[in-house]
Amino acid sequence: MENKDNIKADEPILTIQKTKSTKSNLYGIFFTISLLFIFLICVAFLNINNIIPNLIGGVLIIFIPYWFVLTLKLEKIFCYDDFLIAKYTFFSKKVYYKDIKYYWNKRTIITNDISIAHKKFWNTIFVSKYLFDNAILDDLKNFLNSKNIKQWSLFNKI
């Protein structure tokens, strides 16, 4: 089945693939070590006889595998006309553009990524700038802007 632009409907408009470089390998090792360090801190929090550190440690231990899989195991992103598919090592996630609120650049001590925010919090896609080529990530930003998905900024709200 073809549309009026002679592009097959089942072919992606934009494909983004994880790079195989020394930088991405080193980032994967550093990210894993930092998550293990956070896990050890959480275990120490669970051993304190106070409810607040126990809650913090328990919640963080629950989210560490989620953070690991969503950051390091993203292999490819396929952008189609109405939706995108994020292909991870063990599963795929299909997200329609109408369900995406915005995207933003998130930079923390151990991450530097583009986060594509879904209307449901737990369905966010994290695209690490260390694991993907920056030129292709600029294409992703331009593609999202063409779909009327804007970049979030604190200054847009003020």
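1. Of the contacts (heavy atoms within 4.5 Å) in the protein chain between residues at least 6 apart in sequence, 51% join residues at least 24 apart. The model is predicted: local features need pLDDT of at least 70 and side-chain atom pairs count only at pLDDT 80 or more, whereas totals for chains, interfaces and linings use all residues. Residues are numbered from 1 along each chain as its sequence is written, and side-chain values use heavy atoms, with hydrogens and water left out.

2. The protein chain has 4 helices and 7 strands, taken as DSSP runs (helices H or I, at least four residues; strands E, at least two) and numbered from the N terminus. Their order from the N terminus is β-α-α-β-β-β-β-β-β-α-α.

3. Of the 158 residues in the protein chain, 35% are buried (under 20% relative accessible area, 1.4 Å probe, protein chains only). The chain exposes about 10100 Å², 63% of it supplied by carbon and sulfur atoms; the areas come from the Shrake-Rupley method with a 1.4 Å probe.

4. Thr 71 belongs to helix α2 and counts as buried because its relative accessibility is 2%. Leaving aside neighbours within four places in sequence, Thr 71 contacts Tyr 27, Phe 31, Phe 126 and Leu 131. A polar atom of the Thr 71 side chain lies 2.9 Å from the backbone oxygen of Trp 67.

Note on methods:
Buried < 20%, exposed > 50% of the residue type's maximum accessible area, 1.4 Å probe, protein only. Polar contact = N/O pair within 3.5 Å; in protein donor to acceptor, adjacent residues only side chain to side chain.
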